[in-house]
Amino acid sequence: MKNLLYIILFSFIVSNCSIKTVVKHHGVPMLEKRQESLIVNKTNKNDIIKALGSPSTKSKFNNDIWIYIERKQTQSKLKNLGRMKIYENNVLVLEIDKYGLLKKKDLYNKDDMNNLKIAKNITGNDFKKNTFIYNFFSSLRQKINDPLNKRVNNQKKISQR
């Protein structure tokens, strides 16, 4: 009787566990397939919105660059304590000309993003104390701190003693 109860309890627990992995999806689903329907110099803004929906991001500097993002995550193996692992990451960058036609499209996947090279140039600090700007701001600071020149007069009196 006890063994039968243990078998039923064990089968109940096992049947509720799913063997299928859980996938968290963010962004436009199936971006790679959907972008194939977009044709350079033929597709316009309305066709893009119909195929992909509204963009995830628009360029702040130029409103004619639209960015679509797709990201799929799943839980990693048990040894990593179930942390999420990215297994698909696609970014589609669309450039639209002033007439509303698609001028350029670039699709970046996870492997392309790992190969990006970042410039390591450092901007030098060319600030010197003898410049006109430094002198101007220091005199301005002195006038803000002591508008009636009381400090200068007090220092002169102390030095004369």
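This is a predicted model: local features need pLDDT of at least 70, side-chain atom pairs count only at pLDDT 80 or more; totals for chains, interfaces and linings use all residues.
Residues are numbered from 1 along each chain as its sequence is written, and side-chain values use heavy atoms, with hydrogens and water left out.

**Overall make-up**

- The chain has six helices and five strands; helices (H or I, at least four residues) and strands (E, at least two) are DSSP runs, numbered from the N terminus.
- Along the sequence, these elements follow the pattern α-β-α-α-β-β-β-β-α-α-α.
- The chain has 161 residues, of which 16% are buried; buried means under 20% relative accessible area, exposed over 50%, and partly exposed in between, with a 1.4 Å probe and protein chains only.
- Of the contacts in the chain with a separation of 6 or more, 48% are between residues 24 or more positions apart; a contact means heavy atoms within 4.5 Å.
- The accessible surface of the chain is about 14,200 Å², and carbon and sulfur atoms hold 56% of that surface; accessible areas come from the Shrake-Rupley method with a 1.4 Å probe, and for residues only the protein chains shown count as cover.

**Strand pairing**

- Strand 3 (residues 65-75) and strand 4 (residues 84-96) run antiparallel and are joined by 11 bridges; two strands pair if DSSP finds at least two bridges between them.
- Strand 4 is also joined to strand 5 (residues 102-108), by six bridges, and this pair runs antiparallel.

**Salt bridges**

- The whole structure contains three salt bridges; a salt bridge is a side-chain nitrogen of Lys or Arg within 4 Å of a carboxyl oxygen of Asp or Glu.
- One of them joins Lys-72 to Glu-88, with the closest N and O atoms 3.9 Å apart.
- Lys-72 lies in strand 3 and Glu-88 in strand 4, so this pair ties together parts that are 16 residues apart in sequence.
- The two residues also stand opposite each other in the strand pairing, with Glu-88 in strand 4.
- Lys-72 is buried, because its relative accessible area is 18%, whereas Glu-88 counts as partly exposed at 23% relative accessibility.
- Glu-95 and Lys-103 form another salt bridge, in which the closest N and O atoms are 3.4 Å apart.
- Glu-95 is partly exposed at 25% relative accessibility, and Lys-103 is partly exposed at 43%.
- Asp-106 and Lys-104 meet through their side chains in a salt bridge of 3.9 Å, N to O.
- Asp-106 is partly exposed, with a relative accessible area of 24%, and Lys-104 is partly exposed with 43%.

**Loops and helix ends**

- Met-30 is in the loop between strand 1 (23-27) and helix 2 (31-34).
- Although Met-30 is not a glycine, its phi is positive, at about 55°.
- Met-30 has 48% relative accessibility and therefore counts as partly exposed.
- The C-alpha atoms of Met-30 and Asn-90 are 9.4 Å from each other, and the two residues are 60 residues apart along the chain.
- The loop between helix 2 and helix 3 holds Gln-35, which is buried at 12% relative accessibility.
- Leaving aside residues up to four places away in sequence, Gln-35 touches Leu-92, Lys-105 and Leu-107.
- Asn-41 is in the loop between helix 2 and helix 3, and its phi is positive, near 65°, in a residue other than glycine.
- With a relative accessible area of 56%, Asn-41 is exposed.
- Asn-44 caps the N-terminal end of helix 3 (residues 45-52), with a side-chain oxygen 3.2 Å from the backbone nitrogen of Asn-46.
- Gly-53, which follows helix 3, has a positive phi near 90°.

**Nonpolar surface patch**

- Phe-132, Ile-133, Phe-136, Phe-137, Leu-140 and Ile-144 form a nonpolar surface patch with about 680 Å² of accessible area together.
- Patches are made of residues with over 30% relative accessible area and no salt bridge; like charges are joined within 9 Å, and nonpolar side chains (Val, Leu, Ile, Met, Phe, Trp, Tyr) within 5 Å.
- Phe-136 is in helix 5 (residues 132-145) and counts as partly exposed because its relative accessibility is 44%.

Technical notes
A polar contact is a pair of N or O atoms within 3.5 Å; within protein, one must be able to donate a hydrogen and the other to accept it, and residues adjacent in sequence count only if both atoms are side-chain atoms.
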